Amino acid sequence: MVDIAAQSKESRQAKSVTVIGAGIIGVLIALQLQREGHRVTLIDKDQPGSGCSFGNAGILARSSFAPLSSPSSIKQVPSWLLNPNGPLSICWGYLYKILPWLTRYLMAGFRSDYQQRGEALQQLTDNSVQLYESLCTFADCRELIEKIDYLQVYRSEKGLLKCEADMQWRRALGYSVDRLDAQALQRLEPALAESFKYAHLIRDHGFVKDPKALLSAFYDKFCALGGEFVQAKVKTIEYHQQQCLVFNDKETLYSDKLVVAAGAFSARVISSTGIHIPLETERGYHVNCAQIDAELQVSRPIMDGDLKYFVTPMNHGLRFAGLVEFGGLDAPLNMDRAKTLEKNAQQMLPGLNTQDASYWMGFRPTLADSMPVISHAPDNPNVLYAFGHQHLGLTCAPMTANIVSDLISGRTPAIDISRFDVQRLL
Ligand SMILES: Cc1cc2nc3c(=O)[nH]c(=O)nc-3n(C[C@H](O)[C@H](O)[C@H](O)COP(=O)(O)OP(=O)(O)OC[C@H]3O[C@@H](n4cnc5c(N)ncnc54)[C@H](O)[C@@H]3O)c2cc1C
C-alpha cells in the first residue's frame, strides 16, 4: 500500500538538484529551487547568460500567446521567403534535414487545437510582468524592467488588417489594444519613418532594459543563497538507482533530481538517454546601436508588423532584434542576415548611425506545435524537462520556474500543464 503521508513528507524534503543550462529558464529554475531550500548545482558549457537569453529583444510579451504557425502566417511564407529584406530565410543546405519538422510546423497552423494551444501558452505569458517585478525586487534589480505599452507598426492598412485577427483574440482575452492613425503614431514616436502610417498600441506590457544584466542579477542571487555553478559541457546523462548522473568534460555530478533546460541544445543533451525529441532552432539576430542621437530615441518597444523585427530602447542603446533563419545549431552567424536587419533598422529610423553597431545571433528553441516542454521525462520521474520556449522564453521563464519547482517539491502546479507534456512528441 502507498503511504501518502510519508510520500508527501518525502517530497517536501530538501533535494540535491542539477540544472543543465544557465539561460533565463535554467537560472530562474535554479534560483527558485535554491530559494525553497534545495541544494542546486547549475551547469553550463559557457558563462551564465551566454546563449539565446543574452541577446533577445527584452519584451515581456504577455499577450503574444498565438502559436507561431497560423493560417494567416502560412499564407505569407512565400512572400517572406522571396523578399531579401523579409523576416524568414532558410539555409538551403539544411532544408533536407529540417523538412519533416518544417512540414509539421506549418501544418500545426491548421490543427483544430490551435486556439487551445494559444490559451495554454497564455497561462505562461500573462503574469510575466508581475512575476518579474517580484523577482527583481527579490534580486535587487527592479531598475532593469519597465512597465509600458508596446507598439506594432505598419506601412499600409493591408498590413494592419493582416494582424487584426491576432489583436481581436488578444482583446477577447481582456488585453487592451488600440488602433492608431499616422498622426497619433508620429505624436507618440516622432523618430519613426513617416512610411509607417498605422499601428496597434498594445497596453500594459513591459520590457527588460538589459536581458544579460537581468540574468546576471538572478544568477548572483542564486550564488548568494548558496547555489553552486559548474562551467562544463554535459556529455551524457545516466540513471543509477535513485540517482541522476551527469557526465561532463570534467567530472560526474550526482543528484536526486535533474532538470534539463539547455534551450535549443536540450535534445542533444537528452539523446544520450535514448530519447529523441524533434526540437529545432529558429535562429534570430540582433543589431545593437550604442550611439543614438536624442532625436532618434524611441520611448517604448516597437515591432515592425510587416517585417517582424523589434526595436527596444535598452540601457546600452537601441537594440533591433528579430528574423527567423532555419539553419540548425552548427552554422555560424550569417552576416548577410545581420546586414538585412541593419538595413531594415535604418529604414525604420532614418538617419540611424550604425557605425559602432554590434551583431549577434541566437538559437531560439522551437517545437513544431509552438509549445514548450515542461514535464517529467518519459523514462524517469526524477528528471524534468524545461525547454522549447521559442520566441517567448524571457516572458515565460518565471512561470516555467514556478512549475518546475512545484513538480520537484511535490506540489500541484497552479495551472494545467498537460499541453506541455513531452509525451505529445514521442
Ligand atoms: C532575436 C531574438 C529576440 C527574442 N526576443 C524575445 C523577447 O523579446 N521576449 C521573449 O520572451 N523572448 C524572446 N526571445 C526568445 C528567448 O530569448 C528564448 O526563448 C530564451 O532565451 C530561451 O532561453 P533558454 O534558457 O531556454 O535557452 P538559452 O538562453 O539558450 O540557454 C541554454 C543554455 O544551455 C547551455 N548548454 C547547451 N548545451 C549544453 C551542454 N551540453 N552542457 C552544458 N550547457 C549547455 C548553453 O550554453 C546555454 O547557456 C528572442 C530570441 C531571439 C533569438
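Predicted model: local features only at pLDDT ≥ 70, side-chain atom pairs only at ≥ 80, totals over all residues.
**Entry 1: helix α2 against helix α13**

On the α2 side I found I24, I25, L28, I29, Q32 and L33. Their partners in α13 are G393, L394, A397, P398, T400, A401, N402, V404, S405 and I408. I then sorted this contact by class and got eleven nonpolar, five polar and no charged residues.

How do the axes of α2 and α13 cross? I looked this up next: they come within 8 Å and cross at roughly 40°. The crossing of α2 past α13 is right-handed.

I stayed with α13 and turned to α6, which covers residues 128-138. Here the axes come within 9 Å and cross at roughly 70°. The range from 65 to 115 degrees counts as roughly perpendicular, and α6 and α13 are therefore roughly perpendicular to each other. This time I noted a left-handed crossing.

Which residues of α6 and α13 meet? From α6 I wrote down S128, L131, Y132 and L135, and from α13 T395, P398 and M399. By class, this contact has five nonpolar, two polar and no charged residues. I see P398 of α13 in my list for α2 and in my list for α6.

**Entry 2: what α13 lies across**

I followed α13 to the strands. It lies across β1, β12 (257-260), β18 and β19 (380-387). Relative to β19, α13 runs at about 180°.

**Entry 3: the six-stranded sheet**

Those strands took me to an open sheet of six strands. I read its order as β8-β2-β1-β12-β19-β18, and the pairing is mixed. Which strands stand at the edges? They are β8 (228-231) and β18 (373-377), each pairing on one side only. From one strand to the next, the twist averages 20°.

Strand β1 (residues 16-20) and β2 run parallel and are joined by five bridges. Within this pair, I20 stands opposite I43 in β2.

A reminder to myself: strands of a sheet pair through backbone hydrogen bonds, either parallel or antiparallel.

**Entry 4: the three-stranded sheet**

My next stop was an open sheet of three strands in the order β9-β10-β11, with antiparallel pairing. Why is one side of β9 and of β11 left without a neighbour in the sheet? Both β9 and β11 (252-255) stand at the edges with a single partner strand each, so one side of each has no neighbour there. I noted an average twist of 20° from one strand to the next here.

Then I traced β9 (residues 234-240) and β10 (residues 243-248), which pair in the antiparallel sense over six bridges. V234 stands opposite N248 in β10, and Y239 has C244 as its bridge partner. The hairpin of these strands has two residues between them, and there Q241 takes a positive phi near 50°.

Note on methods. Residues numbered from 1 in each chain as written. Axes fitted to C-alpha atoms, helices over the stretch in contact; angles between N-to-C directions. Helix = DSSP H or I, 4+ residues; strand = E, 2+ residues; numbered from the N terminus. Left-handed = near helix turned anticlockwise from the far one by under 90°. Contact = placed C-beta atoms within 7 Å. Nonpolar A, V, L, I, M, F, W, Y, C, P; charged D, E, K, R; others polar. Pairing = 2+ DSSP bridges. Parallel < 35°, antiparallel > 145°, perpendicular 65-115°, else oblique.
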